[in-house]
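The entries follow the order in which I looked.

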Amino acid sequence: MGNAPVKEAEQAAAVTATGGESVTKPKCKACCACPETKKARDQCIIDRGEEHCGDFIEAHKRCMRSQGFNV
């Protein structure tokens, strides 16, 4: 009951500390997050080289951020 204002204050502080971005705690380890985009990114890098895989790399970063990781 009495914890609701504290939780809201903590969330507001986290948003302020990150410059307005919401902070979500990751639900799993980084190695287990976003397996689809990770596999596509890794395969592209192996086949074509990192310099040709910007779209795959960015897609994986977006996925990781959506899972709560700061990348």
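Entry one, burial. I started with two cysteines and found that both C34 and C63 are buried, where buried stands for a relative accessible area under 20%, exposed for over 50% and partly exposed for the range in between, with a 1.4 Å probe and protein chains only.

Entry two, the source. I note that this is a predicted model, in which local features need pLDDT of at least 70, side-chain atom pairs count only at pLDDT 80 or more, and totals for chains, interfaces and linings use all residues. Residues are numbered from 1 along each chain as its sequence is written, and side-chain values use heavy atoms, without hydrogens and water.

I looked up the sulfur atoms of C34 and C63, which lie 2.0 Å apart and form a disulfide, defined here as a pair of cysteine sulfur atoms within 2.5 Å. The link of C34 and C63 is left-handed, with -95 degrees about the S-S bond.

How many disulfides does the rule give? I get a count of two. C44 and C53 form a disulfide as well, with their sulfur atoms 2.0 Å apart. Their link is left-handed, at -90 degrees about the S-S bond. Both C44 and C53 are buried. With the bonded cysteines numbered in sequence order, I wrote the pairing down as 1-4, 2-3.

C28 is partly exposed, with a relative accessible area of 30%. For C32 the closest cysteine sulfur is in C31, at 3.6 Å, so that is too far for a bond too.

I find three helices and zero strands in the protein chain, running α-α-α from the N terminus on; helices are DSSP runs of H or I with at least four residues, strands runs of E with at least two, numbered from the N terminus. Of the 71 residues in the protein chain, 15% are buried. Among contacts (heavy atoms within 4.5 Å) between residues at least 6 apart in sequence, 48% join residues at least 24 apart.
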